[in-house]
Structures are given as structure tokens and as C-alpha cells.
Amino acid sequence: MTTGSIVTPRSHPASAAIVDRIDSIEFPTKRDEAWRYAPHAKLAQLSFGPAGLSAPPVPADVDQQIPQLDGPTIVIVNGVVDRSRSNLAALPKGLAVSSLAEVAANEPERLDRHFQPKITDAFVALNVAYGTDGVVIAVAEGQRLETSIHIVNIKLPSETHNTSCAGVVIALGPSAAATVVETRLGDAASAAQNGVGGLNCRTTITLGANASLEHIVLQDLPRSQVQLGAVEVTQAERSEFRGRLFNLGASFGRLAYHIELAGSGARTDLSGLYFGRGDQVLDQQITVVHSAKDCVSRQSFRGVLDDDSVGVFNGGVDVRPGADGTDAAQSNANLLLSDRAEINTQPRLEILADDVSCKHGATVGQLNETALYYMRSRGIDADTARRLLINGFADEIVEKIGNKTLRAWVSQRLGHNDG
Amino acid sequence: MLRVKDLTASIGETLILKGVDLSVGAGEVHAIMGPNGSGKSTFAHALAGRDGYEIGGTATLDGQDLLAMKPEARAAAGLFMGFQYPVEIPGVNNMYFLRTALNSVRRARGEDEVSARDFLAIADEAMALVEMKKDFLHRAVNAGFSGGEKKRNEIVQMAVMQPRLAVLDETDSGLDIDALRVIASGVNSLRGPDRSLIVITHYQRLLDYIEPDFVHVLVNGKIVKSGDRTLALHLEEHGYVDFVNDDLRAADRPLSGAAT
């Protein structure tokens, strides 16, 4: 691991504090349960450092990959907000969008939670140290936004260090509602020439009472890259979080969710799809903490794994003392398309309250041969039949995307050629 | 239209079809009857091209060698098989499935594909044949369908595909009498001088509604008796007892109940 020592003067005080001791924080190893299936040799090649002063130019073919959604768009390139690519014209009433660096300089206290997380591993520390730019979204009380807010995080090769950090802070006031889409992309051609590298993104979300957020992460980095990331959510009473993860790209695509249901009656509905080919490792680490009464949580993940790819679903539910009336369920269904593909699925339940319902289930299967034959007997060729079956399996998650354009983008990416 | 000669099928060491001969002319309806385990379904799957059988003999449809073709090519050649147990395909929309199927065979035949709008008219007509509600088009293929609904869906598919030859494998099993009538009337409306049918059934009841031109008795992997529909009536009355005990010579003996 190589690190730099210059921190932009506009960073949060916590960034500066952690940079001084960053080299003493060790990388996780195979012995850490949450990093058991990670490609540690690849991780050891990652290098980190402060973000540049301006965003590098984006190649046209990367621009073309970006889903075009209506509404405000913020583009981050190598950890720096690219103002020329962002579109923040005509923001709806009640929505404030700022750069993380800006808020860190002017109102650092708004970012205290984001920059003072529990340091669970070296990558969180590195993100605190170098994820000094990014996006801050605030939706005022009672504002229910119609259009989605799109954050595009692009990773391009860089001369100083191969991995970029960025931060996203989302705060919804009481009874506010919004949709935030985080798309993560890179340039396959130049990335392949430049070897390992990637993104390390953290998102911190606070939902006020009765607030409602749909938060979508579309991870589609080039196959040579690594995506590390965390989404940390704190929910007040009766708020609703709908998280959707599409973990599609990168050689190692990992996202850790930590969701705390802190107010009674809060609901979380987290679903995800991971779709692995080649030697991809797609890793979802989830912890939902029920710390208030009568909260509901759902985790529903589906995986399709081909070739030598590996999937990890490590789904946890912690029911804290006093969180009576908890209703939690998790399910993980997997389709293995090759003999060599691998899925590691593990529920973790810790229940310290009464009157609790915690359900979990996992399935692993192969393509249904009888269904393939049935379709072929109707004239559908074997490849198309396979594709229809796989897409049918994945659609259960894809269909949860509210935004039609985005849903079409994901379908297209998964190889559907018709709706 | 269909010519089957000395068709054999085995799985591993087990010989299931022991040399079936059958010729079906254009517009004809043939019934194949037989006790459980006689090889009726295997015969249908051998024609449709299911994996896992060792196949011998010949089968041609309009002169084309069926046995050399993949299942999808057999469909394009005009073969349709109605499954005894239609398969549930969760996540795949019925309409999308049907249109993909139709356009696949049209493409294979060098014909133009049918647009989404034109397809809707085709599907509506097909569904009306078996009194199927329109919302079935928007559900996943057979997923959560009742037994009767699945069988109706097979006939909808047949109506959309407009095959040269349809092999209906125990389409009557698991149906109540009303559903049987609806399905039989759907099948009858698809009869025509250019379309042939092979109706596989355990019971003669279905043949009251779909009247066959010929009836064949399949026992222990061979057709042991062929005749007109009175043969089915005989089986209804006497069962398969004449054929199962000593099937090879059964054809030479007078049938049970025959005047002596």
C-alpha cells in the first residue's frame, strides 16, 4: 500500500487526523470473516492518495455508458466533482446539492457522522482520509421529489495512485421523499492497460421520521478494477429505506451495508442482484440492526454466477435488547451456470429481544433443463432459452427499480434485447 | 406427412420403445392408447427431441429427418408437442414467450417476424379458442396456473404456432369434464386438411370429443394393434388385458367380447 501525505486544505478535520496514522492501519486478511473470500493479493496492489485538484477528462465511450436520467446529475471523476459534466440546473424546491469538499470547508459539522464512522477496516479509514470530495444531498422536511438524483462515479487511470475514494452524504428531513441513483463506471480499455485499481466509496444516509428513500447502486466497473464500498443508513421512526444493489462489474465488487433501524416502526427493504462471469468475486456484506420496537427489515438478494465467478452473501440481522416486535426476513437465491462457479451464503442472526420474527432462507440451483427443453420444443433456440430463463430469474430484482429508464438500462446491461 | 419406422428409444440399458412404426397422413387424427409405462410419453418426447434417450430407427416429417434435428428445428419444421406436464417458467412473461416462440420459427423458415401489435391479435384469437382470460398473457409461463389452465395454455401455444403436426401427450389428464370439453373444442377447431394430430391418451373419454381416424394400441414399447375408433371403444370396455399379457401374438387372437 502506498499513500500520499498531502491533504487538501478543504477537507474535514477527521480526514487530516486519520491521514497521520493511515500507514499503521493493516489491511484485512482471510481470517476476517467479512473479507474471507476477497482476493487479497489484488487488494495489496491498491494504492491510495489525496484526490487531484480537478477532474481529468472523460473519454467519449465512458460518457456513452452513463444512463441518461432526468433530473439533477453530479459526476465525480477519480474522486473529484466534475462541475462541467454535472447538471444542477433548476433544482426542485427543497433540494440542496453541494460538493462534499465545499461543505467540509464551510460547515464541517454537517459531515461529522460521515467522517467519524466506526473504522471497521483499513478501507473505511482510507476513505475517511482521502474521500474528501463527493456529494452532499439534503432534502427539506416534507419535500417529496419526483425526479431522481443521479450520482455518477467514474474511475479513470491516474498517475499518482490507482484507487480513488469518494463520499456521498444524503440527509432526508422528516416526511421527505427522494430517489438517489449511484452509478459507478470506468474505462475498460485504459483500465485494462493500467492494471488493478478501483473505487472506494462510502455513502452515509440519514432518514428523518416518515422519510422515504429509494437508493440504487449500479456497480459496473471494468473487469480489471476493484470496487470497495459501504452504505451506512440511520433511520428515524417510521422512515422507509429501499436499497437496491446491482453488483455487476469489477473483478472484486464489494459493498457493505450497515442499516440501523433506530426509530420505532421504521422499515428497510434491501434487495440486490449480483451477476458474475469470468473470475469475478461479487461480495455483499449486510448488517441490519434493529434497535427500536416494531421495525421491519427485508433482505432479498439473487445471484447468477457463471464461469469461475464467486458470490458472497453475508446477511446479518442484529436485534438489540428492547427491539420487541421486530419483523426481519432475508432470502438469497442463486443460479449457478457453471460447475466451477461458487456461492458462499451465510445468514447471521443475533436476537436479544422478545416477540421477534426472523426468517431466512437460501437456495442454490442450476438452470432448469426441463424448462430449457420446453422452450426449445417451441422453436426457441438453446441460447435464447437460457437467456430467457436467466433474465426471468434476475427480473425479480430488476423489476423493483422504480425508474423506467434505469430499469431498461439494467435490462440491456444484462443482455435482454426486448422488454 | 409423418413416417416413423422401427423407432427405438432407450435410457441406459432400458429399452423403452422397441420399434414403433407409424404413418400419419395430412389431415388425419391418430390416437395412441396404452397402459401406464407402455412408452406413450417416450414416443412423444422422442419425436420432439428430448435429451437423454438413445434413439434408433427413422422419423420424417414432410420428408425431413426429424431425428437429426435439434428440438427447436423440429418446431420450425412444423412439429408441436403438447406436454403432459407443462413446465412452469417463473419470471418469463407468457406473451413474450409466445411471441419469441412464434418469431423464432418464422425466422427459421425465412418468414417475416410478427410485430408486437399483430401478435396481440393472434394471441387474442388463440386464447378465445380455449376461453382463456386475457390476463394470462401477462403472467409468467404456467407459473401458479392450475392443472386445467396449464393444459389450456398448451392449446393456446398450439394455436399460435399453427403446426403441421401436433402430438398431444395426455392433454386430458387431470381435467374435469368441462375443461375437457373446452380444450377438445379448441383442438377440433385447429383441425384441417393440412394439419395432422397424434392424440396420446390413457382413456377413451377424450376420443368422444376429438374423434380419431385411427387408433393404435401401444404396449410394452410396440404398437400391437391398429384399427379405427371402435378399437378405442373396445379398450374402454375391456381394458388392455388382451394386449398386456402376451403382446406379440395379441393381434392374431380374437378380442375379448368379440362374436365367435
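Against which helices of chain B do the buried residues of helix 6 of chain B pack? In this predicted model, the buried residues of helix 6 are packed against helix 4 (116–129), helix 5 (147–161) and helix 7 (205–209) of chain B. The residues concerned are B:Leu180, B:Val182, B:Ile183, B:Ala184, B:Gly186 and B:Val187. Helix 6 itself covers residues 177–189, and its 13 residues should span 18 Å at 1.5 Å a residue; the C-alpha atoms at its ends are 18 Å apart, in agreement with that expectation.

The overall dimensions of the two chains were examined next. Chain A contains ten helices and 19 strands. Its radius of gyration is 21 Å, close to the 22 Å that the globule rule gives for 419 residues, and chain A is therefore as compact as a globular protein of that length. The C-alpha trace of chain A spans about 65 × 55 × 50 Å along its principal axes. Of its 419 residues, 53% count as buried. Among contacts in chain A with a separation of 6 or more, 83% involve residues 24 or more positions apart.

Chain B comprises ten helices and twelve strands. A compact globule of 260 residues would have a radius of gyration near 18 Å, and the value for chain B, 18 Å, agrees with this. Taken along the principal axes, the C-alpha atoms of chain B fill a box of roughly 65 × 40 × 35 Å. In chain B, 46% of the 260 residues count as buried. Residues at least 24 apart in sequence are joined by 68% of the chain B contacts between residues at least 6 apart.

Contact between the chains involves 17 residues of chain A and 22 residues of chain B. On the side of chain A that touches chain B, the elements giving two or more residues are helix 8 (369–376) and helix 9 (382–398) of chain A. Helix 9 gives the most to this side, with seven residues. By class, the side of chain A that touches chain B consists of seven nonpolar, five polar and five charged residues.

Helix 9 of chain A also takes part in covering the buried residues of helix 3 of chain B. Helix 3 of chain B has 15 residues and reaches 21 Å from its first C-alpha to its last, close to the 21 Å expected at 1.5 Å a residue. The buried residues of this helix are B:Asn94, B:Tyr96, B:Phe97, B:Leu98, B:Arg99, B:Thr100, B:Ala101, B:Leu102, B:Ser104 and B:Val105. After helix 3 of chain B comes B:Gly110, with a positive phi near 75°.

Helix 3 (residues 94–108) and helix 5 pack at an angle of about 35°, and their axes are 10 Å apart. The crossing of these two helices of chain B is right-handed. From helix 3, B:Leu98, B:Ala101, B:Leu102 and B:Val105 meet B:Gln157, B:Val160 and B:Met161 of helix 5. The residues of this contact divide into six nonpolar, one polar and no charged. An α-helix has 3.6 residues a turn, so residues three or four places apart point the same way.

Backbone geometry was also considered at individual positions. Most residues other than glycine have a negative phi. A:Asp307, although not a glycine, has a positive phi of about 50°. This residue is placed in the loop between strand 15 (296–305) and strand 16 (310–319) of chain A. A:Asp307 is partly exposed, with 13 other C-beta atoms within 10 Å. In chain B, B:Asn142 likewise has a positive phi, near 60°, and is a residue other than glycine. B:Asn142 is found in the loop between strand 8 (140–141) and helix 5 of chain B. With 23 C-beta neighbours inside 10 Å, B:Asn142 counts as buried.

A further position in chain A is A:Thr363, which lies in strand 19 (residues 357–365). A:Thr363 has 12 other C-beta atoms within 10 Å and is therefore exposed. Apart from neighbours within four places in sequence, A:Thr363 is in contact with A:Ala333 and A:Asn334. The C-alpha atom of A:Thr363 is separated by 44 Å from that of A:Gly94, 269 residues away along the chain.

Definitions and conventions
Residues numbered from 1 in each chain as written. Chains lettered and ligands numbered in written order. Predicted model: local features only at pLDDT ≥ 70, side-chain atom pairs only at ≥ 80, totals over all residues. Helix = DSSP H or I, 4+ residues; strand = E, 2+ residues; numbered from the N terminus. Expected span 1.5 Å × (residues − 1). Buried ≥ 20, exposed ≤ 12 C-beta atoms within 10 Å, placed from the backbone. Contact = placed C-beta atoms within 7 Å. Axes fitted to C-alpha atoms, helices over the stretch in contact; angles between N-to-C directions. Left-handed = near helix turned anticlockwise from the far one by under 90°. Nonpolar A, V, L, I, M, F, W, Y, C, P; charged D, E, K, R; others polar. Rg over C-alpha atoms; globule rule 2.2 N^0.38 Å.
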